[in-house]
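Biologist: Could we go through this model together? I would like to begin with the charged pairs and then move on to other topics.

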Amino acid sequence: MAVSAPRDSERSAGRGIPDTVAQLRATFRSGRSRAVDWRLDQLRGLVRLVVEREADFAAALGKDLGRDAFNAWLADLAPVRAEAKFAIRHLPSWMTPKRVRVPVGVQPARGWYQYDPLGVVLIIGPWNLPVHLVLAPLVGALAAGNCAILKPSEQTPACSALLADLVPQYLDPEAIAVVEGAADTTQKLLDQALDHCCFTGSPEVGKAVMAAAAKHLTPVTLELGGKSPVIVADDAKLDVAARRIAFAKQLNSGQTCTAPDYLLVDRRVRDPFVAALTKAFQDFVPEATMPIINSRQAGRLARLVKHAGGRTVQGGTIDTDAHRGEVTVIVDPDPDSDVLREEIFGPVLPVVTVDSIDDAIAHVQQGPKPLAVYLFSEDRANERRVLDEISNGSTVINHLTYHVLVNDLPFGGVGNSGTGSYHGKWGFETFSHRKAVLRKSTWLDPALTYPPFNRVKQQLLRILI
Ligand code: NAD
């Protein structure tokens, strides 16, 4: 475990997690992080960090994930910059206390709620977008005036080390720390009774994080994964649907939480749709194979493909040693196969044939609540049914993944795909406490409100309250 401690001298002195937390708590207690100017300074620092060090991050993302420089920028850096700039623009209005109406029985008085920072918060990131998914939640945490600990994924060591090196250079080192390590380090962090934990990762680990946080009543935001389906109805514009699905699936080799996990395609359009889909993949992915993070993940994908059954209409080879894989499209895998049960998180795409929109909805309803549901249809009645009958985090109609770019939309799951949300103002809300305040005036203090409550008083109070 390595701790990017607030000061180099302290880091070399080998400060452990409790000391790091104590330092951040002291900073928080000083009140420094509450000031709007401090928050804006940190957010500007974050923008500078991802702009000035783009080449360093691209190199680290290339090393950890085999990504090229453009995709490093697109998936990990641009969204953080956009999120921070949006927060800078809106922060003063978000922070303004909000007045509420006070009922007659409580008058004369003034009521409002104000946003209080929570304290020292923990942000735990996954490996697939290893920079984006620690720095984007950090935007909300800093906007809300908190101190923060970032725990990047140990599966992406170059990105983790780079964050540990650069974050203290660009952000207040006495308020924001990076702690590197794996599960045991994360559990130690959770044992520090922190004020909030924002976790992005798998549902299984989410349970362990929630259990550890529960010991201290640390509130959690869980940004989890799962199987996000795409429904292609019989009236869908097939070429558009095929292009958009192929585009979303090839991003980061399918290793994104909003990637299409599997398709539910109406029997009447399945064959022309599959032809359009394989053509779109050929156009968008000219290389024979795509990078997969490591041999362990490649081995998992190879197992899913091997035992899928069905008809492989594109690709089919996953090279475990080289950890690269062909884009693989499998039509009608065995209903009990793992490829239709586990989250795929890679360049493998099952196509399940359905007979109707009812069939497709019933299929999704049988499984855990997805993070995203995508529908391709021109029919508003189909849209209404999918929105009303499926419980899931976000729905996009006639596209995929673009919802993450809309700052005003809350991003998060429900049930097995997560709890809580962030992005834009929702991140600010997640990392704030809405403190209710009531200020009573003292110039009026009627005897009516005090005992003994005789009949007249009782009648009056029944009218007023
Ligand atoms: P993971 O759950 O294996 O790991 C996530 C983080 O948890 C890592 O930092 C890891 O060190 C830590 N961790 C691992 N075991 C732990 C334990 N026992 N206790 C405490 N911490 C522990 O996830 P991953 O493999 O890095 O990422 C892939 C998963 O993340 C997929 O399920 C994907 O859908 C999901 N994901 C969700 C979103 C979202 O925004 N909803 C975004 C990206 C990825």
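Modeller: Let us start with D116, which counts as buried because its relative accessibility is 7%, under the 20% cut-off. Please keep in mind that this is a predicted model.

Biologist: Which residue forms a salt bridge with D116, and how far apart are the closest N and O atoms?

Modeller: K435 does, with the closest N and O atoms 2.7 Å apart. The two residues belong to distant parts of the chain: D116 is in strand β3 and K435 in strand β20 (residues 432-440), 319 residues apart.

Biologist: Is K435 buried, partly exposed or exposed?

Modeller: K435 is partly exposed, at a relative accessible area of 34%.

Biologist: What about R34, whose side chain also meets D116?

Modeller: The side chains of D116 and R34 meet in a salt bridge at 3.8 Å, N to O. D116 sits in strand β3 (residues 109-117) and R34 in the loop between α2 and α3, so this pair ties together parts that are 82 residues apart in sequence. R34 is partly exposed, with a relative accessible area of 39%.

Biologist: Which residue does R32 meet in a salt bridge?

Modeller: The partner of R32 is D172, and the N to O distance is 2.9 Å. R32 lies in the loop between α2 (17-30) and α3 (36-52), and D172 in the loop between α7 (157-170) and β6 (176-180), so the pair ties together parts 140 residues apart in sequence.

Biologist: Changing topic: what domains does the assignment give?

Modeller: It gives domain 1, covering 8-224 + 416-435, and domain 2, covering 229-406. Their centres, taken over C-alpha atoms, are separated by 31 Å. The contact between them takes 14 residues from domain 1 and 16 residues from domain 2.

Biologist: Now to helix α10. What span should its 13 residues have, and what do the end C-alpha atoms give?

Modeller: Helix α10 (residues 238-250) should span 18 Å at 1.5 Å a residue, and its end C-alpha atoms are 18 Å apart, which agrees.

Biologist: Which of its residues are buried, and what covers them?

Modeller: The buried residues of α10 are L238, A241, A242, I245, A246, A248, K249 and Q250. Their cover includes the strands β9 (229-232), β10 (262-266), β11 (290-291), β16 (348-354) and β17 (372-376), together with helix α11 (270-284).

Biologist: Why would residues three or four places apart point the same way in an α-helix?

Modeller: An α-helix has 3.6 residues a turn, so residues at that spacing point the same way.

Biologist: And what follows α10?

Modeller: N252 follows α10, and its phi is positive, near 50 degrees.

Biologist: Where else is phi positive in a residue that is not a glycine?

Modeller: One of them is N398, with phi near 65 degrees, in the loop between β18 and β19. Another is H423, with phi of about 90 degrees, in the loop between β19 and α15 (424-430). H423 is buried, with a relative accessible area of 6%.

Biologist: What does H399 touch?

Modeller: Leaving aside residues up to four places away in sequence, H399 touches R244, F247, Y374 and F376. H399 lies in the loop between β18 (394-397) and β19 (418-419). Its relative accessible area is 16%, so H399 is buried.

Biologist: Where are the cis peptide bonds?

Modeller: One joins Q107 and P108, with omega about -5 degrees; P108 is in the loop between β2 (98-100) and β3. Another runs from P451 to P452, with omega near 0 degrees, and P452 is in the loop between β20 and α16 (455-464).

Biologist: Finally, which residues form a nonpolar patch on the surface?

Modeller: F70, W73 and L74 form one, with about 290 Å² of accessible area together. L74 lies in helix α5 (residues 69-95) and is partly exposed, with a relative accessible area of 33%.

How values were computed
Residues are numbered from 1 along each chain as its sequence is written. This is a predicted model: local features need pLDDT of at least 70, side-chain atom pairs count only at pLDDT 80 or more; totals for chains, interfaces and linings use all residues. Side-chain values use heavy atoms; hydrogens and water are left out. Patches are made of residues with over 30% relative accessible area and no salt bridge: like charges are joined within 9 Å, nonpolar side chains (Val, Leu, Ile, Met, Phe, Trp, Tyr) within 5 Å. Accessible areas come from the Shrake-Rupley method with a 1.4 Å probe; for residues, only the protein chains shown count as cover. A salt bridge is a side-chain nitrogen of Lys or Arg within 4 Å of a carboxyl oxygen of Asp or Glu. Helices (H or I, at least four residues) and strands (E, at least two) are DSSP runs, numbered from the N terminus. Buried means under 20% relative accessible area, exposed over 50%, partly exposed in between (1.4 Å probe, protein chains only). The expected span of a helix is 1.5 Å times one less than its number of residues. Contact means heavy atoms within 4.5 Å. Domain bounds come from an automatic or database domain assignment.
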